[in-house]
Number of protein chains: 2
Amino acid sequence: MNQEPTSDPLEDARQTFVRSWGALGSSWGVSRTMAMVHALLLVTDPPLSTDDVMAELGASRGNANMNLRELVGWGLVRRVVVEGERREYFEAEKDVWTMFCTIARERKRREIEPALALLEACLATTKGLRSGKAKAFHKQLSELAQFVGTANAVLERISASEQSKVIPAILKWLK
Amino acid sequence: MNQEPTSDPLEDARQTFVRSWGALGSSWGVSRTMAMVHALLLVTDPPLSTDDVMAELGASRGNANMNLRELVGWGLVRRVVVEGERREYFEAEKDVWTMFCTIARERKRREIEPALALLEACLATTKGLRSGKAKAFHKQLSELAQFVGTANAVLERISASEQSKVIPAILKWLK
DNA sequence: CGGCACTTCCAGAAAGTATCGAAACTCATG
DNA sequence: CATGAGTTTCGATACTTTCTGGAAGTGCCG
């Protein structure tokens with residue numbers, strides 16, 4: 001992935017943003033390129049084609065295609081049809097609140113729920129055990145499960161709400 | 001990393017929990033082994049030595065040492081001194097709320113704040129630009145920055161609060 | 001149909017990380 | 001101040017994940 005030098009400050013800022021956002025992505029369990037593609041679409045107005053993404057990021061077709069597809073799978077990017085064009089174009093959901101809700105819902109489904117399931121399973125298999133060690137294990141896991149369950153419910157509730165209902169309440173609470 | 005077959009249901013459950021938690025860790029940007037070490041300490045009562053961790057997870061000394069050190073760095077694990085023992089022992093913070101606050105604070109510091117800094121930097125360099133494209137870019141980033149900033153403040157506030165103040169409020173709000 | 005304009009799949013290559021094993025270091029102790 | 005238990009560091013290797021480039025697929029249109 002290459003970068004061309006520019007002296008256009010806007011282009012510089014875009015590049016900086018896209019690349020750095022990509023780097024940050026990896027600490028959140030998102031691959032660099034996927035984060036970069038998302039960042040790119042987020043700050044680009046007319047929808048982009050696969051080739052545009054390839055060109056902007058210097059990625060291969062397969063890579064661009066795969067990451068676009070995955071972003072569509074997450075619901076963060078939409079395929080759009082451009083009048084009189086055969087090629088597919090992509091645009092990101094620009095509204096930050098909607099984006100947050102989408103991410104929350106997907107992570108919940110893909111990561112929190114499996115974790116809960118694991119905890120429940122371990123709780124179930126140690127339910128009947130009477131030894132002190134088993135009791136302690138069971139108690140520790142059940143506290144964890146309860147916490148994760150609450151977090152799950154909070155995300156559920158928040159991401160099903162209107163931004164206009166939630167944000168003001170939060171800001172007020174922050175005081 | 002090996003596993004020995006057991007017919008002890010508690011041991012089985014512990015193994016299952018530790019290993020699966022490790023697997024889940026990777027979707028949250030935590031390395032498998034670090035998540036496993038943490039899980040292990042979380043469900044183990046007497047503090048463990050490096051050698052215990054090595055034995056339980058079948059990891060090398062270097063690996064165990066490195067991950068223990070990193071967990072101490074996150075504040076999720078403490079070194080403890082056992083009477084009349086030269087060797088160091090480790091125990092995890094068991095309280096789930098405290099654990100959550102620690103993680104929130106650390107991720108905030110390591111990941112959210114750098115992201116905010118990036119956003120601010122890009123906002124600053126495009127501040128004066130008057131073209132339509134620049135305005136759109138600036139607006140998109142500033143919405144993102146505002147959202148991330150609010151999230152940051154929320155985490156700050158929550159993780160500085162008492163569990164007893166926050167959880168009931170949340171449960172009430174969930175209704 | 002057959003050509004064209006795209007999209008998707010796939011197997012191997014490359015890059016990036018985690019892990020090991022062993023050597024180097026630390027430091028209380030005899 | 002030599003010993004040795006215990007800890008840390010480090011280069012080499014093994015493993016995963018990500019990426020590439022080309023082959024195969026899809027479906028529109030003349």
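User: Which residues do ring pairs link into a cluster with A:Phe17?
Analyst: A:Trp21 and B:Phe137. This is a predicted model, where local features need pLDDT of at least 70, side-chain atom pairs count only at pLDDT 80 or more, and totals for chains, interfaces and linings use all residues. Residues are numbered from 1 along each chain as its sequence is written, chains are lettered from A and ligands numbered from 1 in the order in which they are written, and side-chain values use heavy atoms, with hydrogens and water left out.

User: How many aromatic pairs over all chains?
Analyst: Ten. Rings of Phe, Tyr and Trp (its six-membered ring) pair if their centres lie within 6.5 Å; planes under 30 degrees apart are stacked, over 60 edge-to-face, the rest tilted.

User: What about A:Phe17 and A:Trp21?
Analyst: Their centres are 5.4 Å apart and the planes at 35°, so the pair is tilted. Both sit in helix H1 (residues 9–27) of chain A, four residues apart, about one helical turn. Helices are DSSP runs (H or I, at least four residues), numbered from the N terminus.

User: And A:Phe17 with B:Phe137?
Analyst: Edge-to-face: centres 6.5 Å apart, planes at 85°. B:Phe137 lies in helix H6 (residues 132–159) of chain B, so this pair joins two chains.

User: Is A:Phe17 buried or exposed?
Analyst: Buried, at 0% relative accessibility. Buried means under 20% relative accessible area (1.4 Å probe, protein chains only). A:Trp21 is buried at 17%, and B:Phe137 at 2%.

User: New topic. What lies over the face of A:Trp74?
Analyst: A:Arg110, at 4.1 Å from the ring centre. The criterion is CZ of Arg or NZ of Lys within 6 Å of the ring centre and within 35 degrees of the ring normal. In chain B, B:Arg110 lies over B:Trp74, at 4.1 Å.

How values were computed
Buried < 20%, exposed > 50% of the residue type's maximum accessible area, 1.4 Å probe, protein only.
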